[in-house]
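The following exercises concern the structure shown below. Each task is followed by a worked solution.

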Amino acid sequence: MPKLKQLEQCKHPNSRKTKALAKTMKRQSMKEKIKTATYIKQNLLGEKLLWFRDHLDPNLSCLTSTIVAQLIQEYLGRFNEELEQIKLKHSVGQRKNRQHASRQDVINMTLKHEKEEFQTCGIEMPDLLNQSQLTMLKSWNGELRYLQNFKLRRFSVSNLQVDMGNKNR
């Protein structure tokens, strides 16, 4: 960091030059922090879209709201096997402390948050009811730079039930 060396060379800690250098260094660190947070969000969204792409039926060209609801239920149950393995390890040992406690807590918090999100405002995912978005998701190679091309929609329990009611009429 050349700015750090310049900061150390300043004669007085409260000089204008020192304050300006400190301000630019703080600004750069905040930019980096925001950039990493953006990358993390993009990565999480990319993993979610990859999961949905991998669990889609390749023979279907158009999805109904019931199929989307089933797909979301599968998504919410994606950690069930891992939780079962952790419970099995707990039952075998006679330890008082919990092994894999942090992973189990992270999974439980994620599931609680996603279930609450699905019940209230909805889970954000690509608009699978739109045929062009469905074909785009099926042909997507997993690169994060193409995430901006997807039209995301929030699917909730109430939205999917309303859509199912409209299809039955």
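**Exercise 1: Surroundings of E117**

E117 touches G122, I123 and R154, where touching means heavy atoms within 4.5 Å and residues up to four places away in sequence are not counted. The model is predicted: local features need pLDDT of at least 70, side-chain atom pairs count only at pLDDT 80 or more, and totals for chains, interfaces and linings use all residues. Residues are numbered from 1 along each chain as its sequence is written, and side-chain values use heavy atoms, with hydrogens and water left out.

Task: Determine in which helix E117 is found and whether E117 is buried or exposed.

Solution. Step 1: E117 is found in helix 5 (residues 101-119); helices are DSSP runs of H or I with at least four residues, numbered from the N terminus. Step 2: the relative accessible area of E117 is 17%. Step 3: E117 is therefore buried, as buried means under 20% relative accessible area with a 1.4 Å probe, protein chains only.

**Exercise 2: Helix 2 and helix 3**

Task: Describe how helix 2 and helix 3 cross and which residues meet.

Solution. Step 1: the axes of helix 2 (residues 16-54) and helix 3 (residues 65-76) come within 11 Å and cross at roughly 120°. Step 2: this angle makes helix 2 oblique to helix 3, since angles under 35 degrees count as roughly parallel, over 145 as roughly antiparallel, 65 to 115 as roughly perpendicular and the rest as oblique. Step 3: from helix 2, K48, W51 and F52 meet L71, E74 and Y75 of helix 3.

How values were computed
Axes fitted to C-alpha atoms, helices over the stretch in contact; angles between N-to-C directions. Helix = DSSP H or I, 4+ residues; strand = E, 2+ residues; numbered from the N terminus. Buried < 20%, exposed > 50% of the residue type's maximum accessible area, 1.4 Å probe, protein only.
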